[in-house]
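Me: I would like to learn how to read an interface and its charged pairs. Can we work through an example?

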Amino acid sequence: MLILSRKINEKLQIGDQITITIIEVKGDQVKLGIEAPSDVKVFRRELYDAIQEQNKLAAASGGIQLPSIDIAHKK
Amino acid sequence: MLTIQTKTMGEIAIDERQVITFPAGLIGFEDFTRYALLDAPQKPYFYLQSLQTPDLNFILLDPFLFRPDYTIDAPDEYTTQLGIKTPEDALVLVLVTVPPGGGAVTANLMGPLLISRTTRLGVQLVLADPRWSVKHDILAELARVKKE
């Protein structure tokens with residue numbers, strides 16, 4: 001892993017099109033500004049991890065009675 | 001018509017229009033990109049059956065059936081990539097988890113599937129909205145809808 005030290009308002013350039021700016025540092029929290037092309041997905045890693053874990057559990061499901069849903073509820 | 005192998009229903013024939021491609025796969029299942037969208041034996045559930053391996057099958061549900069207030073904020077680049085031009089073209093389904101040891105059957109509203117009905121391309125979104133978690137108890141949500 002490449003580890004770099006940066007100060008507030010300094011930037012990191014990743015490739016041609018991705019720029020990360022250090023906006024604010026407060027205690028153990030860092031605020032980052034991210035500029036990236038629209039086809040580059042940027043999200044908090046823990047959301048991605050949670051979905052990945054849940055997908056694995058979902059793939060291991062099956063074979064049992066599912067909750068019955070009265071379709072009349074649909075508006 | 002295509003003949004496919006399924007995890008729980010054996011060999012079945014499907015229409016080519018039931019084939020959905022997820023160019024980036026599902027999160028954690030990036031290598032599996034081609035699926036068939038099938039009616040599950042129990043309505044109104046669906047199966048998303050991998051066409052690459054019969055062992056991989058997801059149970060899907062229309063989230064609006066138990067969360068009428070569900071909204072997804074799909075960035076334009078996704079709708080463009082999928083070729084979704086109108087809201088009617090967008091099909092939103094969520095993955096259902098049945099815990100192996102029993103317990104509440106849940107749905108993942110944080111990582112919904114967005115599918116174009118016309119191009120039959122799909123993507124799994126990552127929603128940052130704090131209202132949506134990866135485990136919504138379906139029966140509890142239904143009970144809440146009934147009360148309202």
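This is a predicted model: local features need pLDDT of at least 70, side-chain atom pairs count only at pLDDT 80 or more; totals for chains, interfaces and linings use all residues.

Me: What do the side chains of E10(A) and R6(A) form?

Reply: The general idea is that side chains of opposite charge can pair when their charged atoms come close. Here E10(A) and R6(A) meet in a salt bridge, with 3.2 Å from N to O.

Me: What is the N to O distance for K26(A) and E24(A)?

Reply: The side chains of K26(A) and E24(A) meet at 3.8 Å, N to O, and this is a salt bridge, because the cut-off is 4 Å. As for accessibility, K26(A) is exposed at 57%, whereas E24(A) is partly exposed at 29%.

Me: Turning to chain B, is R67(B) buried or exposed?

Reply: R67(B) has a relative accessibility of 9%, so it counts as buried, the limit being under 20%. R67(B) forms a salt bridge with D69(B), and their closest N and O atoms are 2.7 Å apart. D69(B) itself is partly exposed, with a relative accessible area of 34%.

Me: Which residues are linked with R67(B) and D69(B) in a network of salt bridges?

Reply: The network also takes in E141(B) and R144(B). Over all chains, a search of the whole structure finds eight salt bridges.

Me: How many salt bridges cross the interface of chain A and chain B?

Reply: Zero, by the rule applied here. Polar contacts are another matter: nine residue pairs are found across the interface of chain A and chain B, both residues of each pair being at pLDDT 80 or more. On the side of chain A that touches chain B, 13 residues are nonpolar, nine are polar and six are charged.

Me: And how should I read the extent of such an interface?

Reply: The size of an interface is often given as the accessible area lost when the parts come together. For chain A and chain B the buried area is about 3200 Å², with 68% of it on carbon and sulfur atoms. Of the area that chain A buries against chain B, 21% is supplied by Q54(A), L66(A) and I69(A), more than by any other three residues.

Me: How many residues does the contact take from each chain?

Reply: Chain A contributes 28 residues to the contact and chain B contributes 42.

Notes:
Residues are numbered from 1 along each chain as its sequence is written. Chains are lettered from A and ligands numbered from 1 in the order in which they are written. Side-chain values use heavy atoms; hydrogens and water are left out. Contact means heavy atoms within 4.5 Å. Buried area is the accessible area (1.4 Å probe) that two parts lose on being put together, summed over both. A polar contact is a pair of N or O atoms within 3.5 Å; within protein, one must be able to donate a hydrogen and the other to accept it, and residues adjacent in sequence count only if both atoms are side-chain atoms. Ala, Val, Leu, Ile, Met, Phe, Trp, Tyr, Cys and Pro count as nonpolar, Asp, Glu, Lys and Arg as charged, and the others, Gly among them, as polar. Buried means under 20% relative accessible area, exposed over 50%, partly exposed in between (1.4 Å probe, protein chains only).
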